[in-house]
Amino acid sequence: MGASTHELDALLQGKYPAGFSTDIETDTLAPGLDEQTIRAISAKKNEPAYMLDWRLKAYAHWTGMETPTWAHVHYTPIDYQAISYYAAPKSSADRPGSLDEVDPEILETYNKLGIPLEEQNRLAGVAVDAVFDSVSVATTFRQQLADAGVIFCSISEAIQQYPELLKQYLGSVVSYTDNFYASLNAAVFTDGTFVYVPKGVRCPMELSTYFRINTEKTGQFERTLIIADEGSYVSYLEGCTAPMRDENQLHAAVVELVALEDAQIKYATVQNWYPGDEEGRGGIYNFVTKRGDCRGDRSHISWTQMETGSAITWKYPSCILRGDDSVGEFYSVAVTRGRQQADTGTKMIHLGRNTRSTIVSKGISAGRAQNTYRGLVRMSRRADNARNHTQCDSLLLGDRCAAHTFPYIEVSNPSAKLEHEATTSKIGEDQLFYCRQRGLSEEEAVYMIVNGFCKEVFNELPMEFAVEAQKLLNVSMEGAVG
Amino acid sequence: MSVAYEPIRHYREALAQGLKGSSGYSYPWLEKQRQVAASRFLHQSFPTRKDEDWRYSGIDRVLVHPFLPAGENVSTLTEEDLRHDVLYQLDAYHLVLINGIPVPALSRLDGLPAGVHIMGMREAMVQFPDLLAARLGKTGQDETQMFMLLNRALFDDGCLVYIEADCVIDKPIVLNHLTTGLPDNYMFLPRNLVVLGAGANAALIERFGSTGPSTCFNIVLTEISLEHGAVLDHYRIQEESRHTFHMSRVSLQQAARSRYEGTSITLGSAWSRTEFNARFDEQDAVCLTNGIYVVDDGQLMDFHVDIEHAVPSCVSRERFKGILLGKGRAVFDGHVKVLQDAQQTDAHLSNTNLLLEPGAEVDIKPQLEIYADDVKCSHGTSIAQLEPEQLFYLQSRGLDIKQAKQMLCLGFVSEVLETCKAQVVMEYVGSLLQREFLKLFSDG
């Protein structure tokens, strides 16, 4: 173990490591949501008419919708009129130019976590590809990407510069009528990421955007759209931390992925937003709609996620396997502790022939947390020779936490093959005994076993993320052991 | 009819009408139960596909028929008619119920050992009022399921199986539920109670069959209560005609060290739904449930298994195997709930399906809801086909394709079949399945 238990302990007894709020003057709309708010957002962003139309349609649809209640989570209802729907930093010059300008205490925390310098730059908001609050301030590596023909920019920029692509793809995977939060997002989204990888191009680097929630009482409504054209490949990383505060913050993001013929998209997330205090006060409400459309034959989309943060997580990264021979994958580790609640999983909709999907979900629940896997595998009549394997494992630490598994399986093709397995247990006394007999402390033994439990998923993460994910896991486990 | 048929109104009227009818026995506690159920029924509406519990099993097909309670009826069956019923020929204690009403003339209950009581519900109301007052309707207190409410409000007859403490019965008990001889659109609402005293041991076979092609609806509620150390082997065989609709609930309550082993074979009905609810009241109880379902063209079979571990150290196992053909549809919803403090729970659920023909559909929802940490829980499900290699092998040995399929299907279900402890039941079910497969594979 890199960081000693003592240090980690101190870290956890203290504050949420990323709980700082940068004081920057922001251009913020007054709280409240009506048609005027949407017109204002659209106007501030200088959007073309088609976008405003789309937003208004979404808003009209949203007003007729009700908050979904089917998820296994409990919280006080959100007052959508108490949220400010737009906040943009006035000047990007206020951001730290280098690590020297970052609060040394935070740097120390990063060091304790063993985060490499590169990573620290990113975490501290130095690297300029960050979504800083709601407007992308800048994007790195633009030139190198441009040479390869890859478009990687903020979605507001894309709306201005690539209207044809936007008109064709925006909302084509997650329509503005899809669900309550997706409709809300379509109406009020402020920014996000746009990626277009042209035909036959293998994106020369891992793309990543760093999300931060910064202005108090500002909901974040990110919208991400990634299009991989025929025969292309792209890997995208997304990670989150948020400053500590008392008021619940709503995050309702939408991510749309489109993979055309022979294209492959890998999407990885490490989510570590503020989970609230011991009693569950504060903390982020993370209601996200993520969906990938394997539109072309032999296309491939894989979702990998590490969910440790947020008071409530409501997130089902899904794949629509439309093209023949397309492949969908979902690898997830969800850690809940304290009073965190996570209801997460995936949907694999098999429409094309010879489509394959794999689901590996690992849930770890500690304290008084609720961890739920909810998934759907559907094999339609046309999906000949569809194949799915699902593995959901839950680990329980402590006798007041809970783990649930709610898979839905719908098969209407006689050539489909599907296996689903789920297990729930605690760490075996015999396993612990074995490790302790070899000289490990109980905590170290638990870390080791839990890391082993999650390994299958971490293997799918890009290297940089895998390191962070493992550290994060250990930190999250702290206090849950013994 | 001048007014368009509206299911909910029809059933509400049927309920009001039924409540007026005298059942020939009356107790304040029973009337209260009926009233509670009736008032809930009147204030609710029928579930739709939007209700989570009914997501995959639409009831429109059921509701289009204006079913009415059958009330009194005269059995037209004679022993001669049952001569070819293999099950009826078993060396067992037989209670035959025609259209939900016990028929003493057809039943064979002579020589019951002391302490064993098998009788119709009406008779039981006279003979064992205290037992019924203490046990009937004690499971599923918060009943909201519409069809069960209908049963709770309107049931008139059914049967009681009461085995006193430490009695061991030498032969199986057969409850033979037959529907016959009535015109279309009647519903039957039998209510059964099975009580095994401490240390009692019995094998119970519940069979649902029909002798005619009339369209009818069986709504059966069976409550089972096992006291300390009681052991019950329970077989349910549902082989009704393709014109019947079947809705049944088994509500099981187990005391310490009791053991329940259930096997459910479902082949018949146009539409059927079986809800199996088990609750452990005390520690160290064991509940094993197995099932086989074969679903053919136009059939829908729905299984809801709900196991609640409220106390520590109990074991539950569910294993269901299904074969689907034609445009058949199967639904399997298995829910295992482990409450806080129900430590040392051991619960496993498995559901495997063979999907053999285009147009068949299976919807599975295995759920684990766990609030305790020292538990071993799992579920596994799979959907697959017959392996071409295996079919080829059998064909190369001289079997034709139908025989090969039949053999592989039997092999698939044999794992469950072999758990039948009563040899006679295993043989009966084995031959039943063989006949069914022969029929199913002969047209294809």
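Two strands are said to pair if DSSP finds at least two bridges between them. Helices (H or I, at least four residues) and strands (E, at least two) are themselves DSSP runs, numbered from the N terminus. This is a predicted model, in which local features need pLDDT of at least 70, side-chain atom pairs count only at pLDDT 80 or more, and totals for chains, interfaces and linings use all residues. Residues are numbered from 1 along each chain as its sequence is written, chains are lettered from A and ligands numbered from 1 in the order in which they are written, and side-chain values use heavy atoms, with hydrogens and water left out.

Chain B contains nine helices and 21 strands. Its C-alpha trace spans about 70 × 60 × 50 Å along the principal axes. The radius of gyration is taken over C-alpha atoms, and the globule rule is 2.2 Å times the number of residues to the power 0.38. Because a compact globule of 444 residues would have a radius near 22 Å, the 21 Å of chain B agrees with that expectation. Of the contacts in chain B with a separation of 6 or more (contact meaning heavy atoms within 4.5 Å), 85% are between residues 24 or more positions apart.

Eight of its ten residues are buried, so the strand is largely enclosed by the rest of the structure. On one pairing, β9(B) runs parallel to strand β6 of chain B (residues 173–179), joined by seven bridges; here B:Ser210 of β9(B) stands opposite B:Thr179. Nine bridges also join β9(B) to strand β11 of chain B (residues 231–239), again in parallel, with B:Ala203 opposite B:Asp233 in β11(B).

Strand β15 of chain A (residues 312–315) pairs with β18(A) in the parallel sense over four bridges, and A:Asp343 is the bridge partner of A:Trp314. Strand β21 of chain A (residues 370–379) also runs parallel to β18(A), with four bridges between them. In that pairing, A:Asp343 stands opposite A:Thr372 of β21(A).

Technical notes
Buried means under 20% relative accessible area, exposed over 50%, partly exposed in between (1.4 Å probe, protein chains only).
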